[in-house]
Amino acid sequence: MSDKPHRRQSRVPGTRFGRMLRLGLTAGELALGGVGEGLRRMRGRRSGTADGSTGSAFLTGANATRLARRLAHMRGAAMKLGQLISMESEHVLPAEFTDALAILRDAADSMTDTQLNRLLGREYGSNWQRRFAEFDYEPIAAASIGQVHYAKTPEGVELALKIQYPGVARSIDSDVKNMAAMLRASRILPVEMDISGIVTEARRQLRQEADYLQEADYLRRYRKLVADEPRFRVPAVHDDFTTRRILAMDFMSGEPLDVVERTEIPQQRRDRIGTLLYHLLFRELFEFGVMQTDPNFANYLLQRESGDLVLLDFGSTVDFPPAFTEGYARICRAMIDDDRPALRRVAEQIGYLQPDCSTEHADEVLDLILLICEPLCHRGRYDFGASDLIRRARDAGMDLVFRSGEFHAPPPATIFLHRKLVGSFLLCGKLRARVDVRSLIEPFLD
C-alpha cells in the first residue's frame, strides 16, 4: 500500500431518502430565496426598468451559494447538473452564481477510507490489497459519479482506477426526476417548454455513464479509431481489474489543460491545441459516428514535450447513426454556402423547426443557428479568446425561448452534440486559441 497519508473526510449519508431530502431542501431554499427577487422583478417589469428581465428569479447570489453547497455533497444527476452549469456560468449566469458554483469543479467530497475498502472488497474480494503492490487512497481526480485512484500491480504496471461512488446507479431515476422538478420550480426554463424527451435522454446517458463495462467498450473502440492519429493518446483498458463499478486503465501522465489556461505558453501552441480539438470533433461527428461529449478541462492532458493530447473519460460517449451525421453535414454546407432555403429545409428535417411554424419564428431560429455557428462560417482563424459570441448567443437564445410562443425544446438526440459544441467553444476560449474552423470542416462536407 502507498505510504502517502490517507484522506478521511466526513460525507453526507448516501441513502435514497437522504438524497431526496437534500433535493427537497434545495428546492425549498431556492423557492424561499427567490420570492423577494421575483417581487422585485415584477415591479421592474411594471416600471420598465432593467430589473424586469425574463431570467429566473432564483439565479441570485444567495441562491447560488445555497445550491452549490447542496450539490457539492451530492452525486449523480444532481451534481452533474451543477458541474455543467458551472462550466458555462461565467458566460451565461450572474457573477455571484459563477463564483458559488465554481467549487463543484474541485470541491466534491471524497469517499472515506472505510467506504473505499468496502467497495473494493465487494468488487475484488476480501483480500483485494494483495492484487496491488501500491494503492493510493488519496484520489488523483474526482467527478460527479466517481473518483480516480493511482495503483501499481506487483508486475509494476501503473493503473488509474476509476471507482464509482456507492449508490449512484440506484439513484439516477429519482435524481433526474427531482432535478427536472427543481428546474421547473425555479423558473430556469419556461413553464410551457416540454423537456420530457430531454429528461429521458439525460436519464439514459447517466445510466450508461454508471456502467463502467460500457465505458470500457467505448474506450477500446475509441483507442482504435484514433490509432492513426499519433497526436492523440488514449489509455488502454485492463480487463482483469475492470468491473461494472471499477474501470482500470493505463495511468497517463500530462498536464490538465487548465494549466495551459493559467500559464504563459506561446500562441502557436494554444492554436495547435484548439485546432486538434476541432479536428477531432469533426472526425467524431462525420467520420467515426462516435463522440465523447464531455469536453471539459479535466478530460484532457497535455504532454508538453510532444504536444500530444491524452483523451480521458469516455462515460459520456454517444453513437450517431449515418442519417444524423448526414443531416449535420447538410446544415453545415448550407451555412457555409449562405443558402438560407436549404438551411431551413435541413433545420426542419433535424427538428429545430416545425414545418407549420410562422415565417417570423423560422427566421429567428435560423438567425440563431447562424449566430451560434459563427466560427464555422468565419473565413480564416477565429479568435476564440476575443469573441463575445457566448454572450450574444445567450441573449438571443433567452429572448427567443421566453418570448416566442412557438419555441420548443431541441430534439433529444441533439443535446449531447450541443454539449460538445458549446464545451469545445468554451475550451478554446479559455485557451485563447485561434482556429481556422472552416478549413477544418470543409473536407468532411466535400
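Two strands count as paired if DSSP finds at least two bridges between them, and strands (E, at least two residues) and helices (H or I, at least four) are simply DSSP runs, numbered from the N terminus. With that settled, the hairpin of β9 and β10 can be picked out: four residues sit between the strands, and Gly307 takes a positive phi near 80°. The model is a predicted one, so local features need pLDDT of at least 70 and side-chain atom pairs count only at pLDDT 80 or more, while totals for chains, interfaces and linings use all residues. Residues are numbered from 1 along each chain as its sequence is written, and side-chain values use heavy atoms, with hydrogens and water left out.

Overall, the protein comes out with 17 helices and 13 strands. Of its 446 residues, 50% are buried (under 20% relative accessible area, with exposed meaning over 50% and partly exposed in between; 1.4 Å probe, protein chains only). The protein exposes about 20,400 Å², and 53% of that is supplied by carbon and sulfur atoms (Shrake-Rupley areas with a 1.4 Å probe; for residues, only the protein chains shown count as cover). As for contacts (heavy atoms within 4.5 Å), 71% of those between residues at least 6 apart in sequence join residues at least 24 apart.

Strands β9 (residues 300-303) and β10 run antiparallel and are joined by four bridges, with Tyr300 standing opposite Leu311 in β10. On the other pairing, β5 (residues 232-233) and β10 are parallel over two bridges, and Phe232 stands opposite Leu309. Put together, four strands make an open sheet in the order β5-β10-β9-β7, with mixed pairing. Its edge strands are β5 and β7 (255-256), each of which pairs on one side only. In a regular strand the side chains alternate between the two faces of the sheet. For β10 (residues 308-311) both faces are covered: Asp308 and Val310 are buried on one side, Leu309 and Leu311 on the other.

Strand β4 (residues 158-164) has six of its seven residues buried, so the rest of the structure largely encloses it. It is joined to β3 (residues 146-152) by seven bridges, the two running antiparallel, and Gln147 stands opposite Ile163 in β4. The β3-β4 hairpin has five residues between the strands, among them Gly156 with a positive phi near 90°. β4 also pairs with β6 (residues 246-250), antiparallel over five bridges; here Ala160 stands opposite Met249.

Next, the nonpolar cores (sets of buried Ala, Val, Leu, Ile, Met, Phe, Trp, Tyr and Cys residues joined through side-chain atoms within 4.5 Å). The largest holds 97 residues, and Leu161, Tyr278 and Ile331 touch the most other members. Helix α10 (residues 267-288) gives the most to this core, with ten residues. A second, separate core has five residues, including Ile172, Val176, Val199 and Leu206.

Leaving out residues up to four places away in sequence, Tyr278 touches Phe384, Leu421, Ser424, Phe425, Cys428, Val435, Val437 and Leu440. Next along in α10, His279 is buried at a relative accessible area of 18%. Beyond its neighbours within four places, His279 contacts Glu229, Arg231, Phe232 and Leu440. Phe384 lies in the loop between β12 (382-383) and α15 and counts as buried at 2% relative accessibility. Besides Tyr278, the contacts of Phe384 outside four places in sequence include Pro375, Phe425, Gly429 and Ala433. Its C-alpha atom is 8.0 Å from that of Lys430, 46 residues away along the chain.

In α17 (residues 437-445), the buried set is Val437, Arg438, Leu440, Ile441 and Leu445. These cover an arc of only 160° around the axis, which puts them on the same side of α17. Their cover includes α10, α11 (322-336), α14 (374-377) and β13 (434-435).

Definitions and conventions:
The arc is that of the directions from the helix axis to the C-beta atoms.
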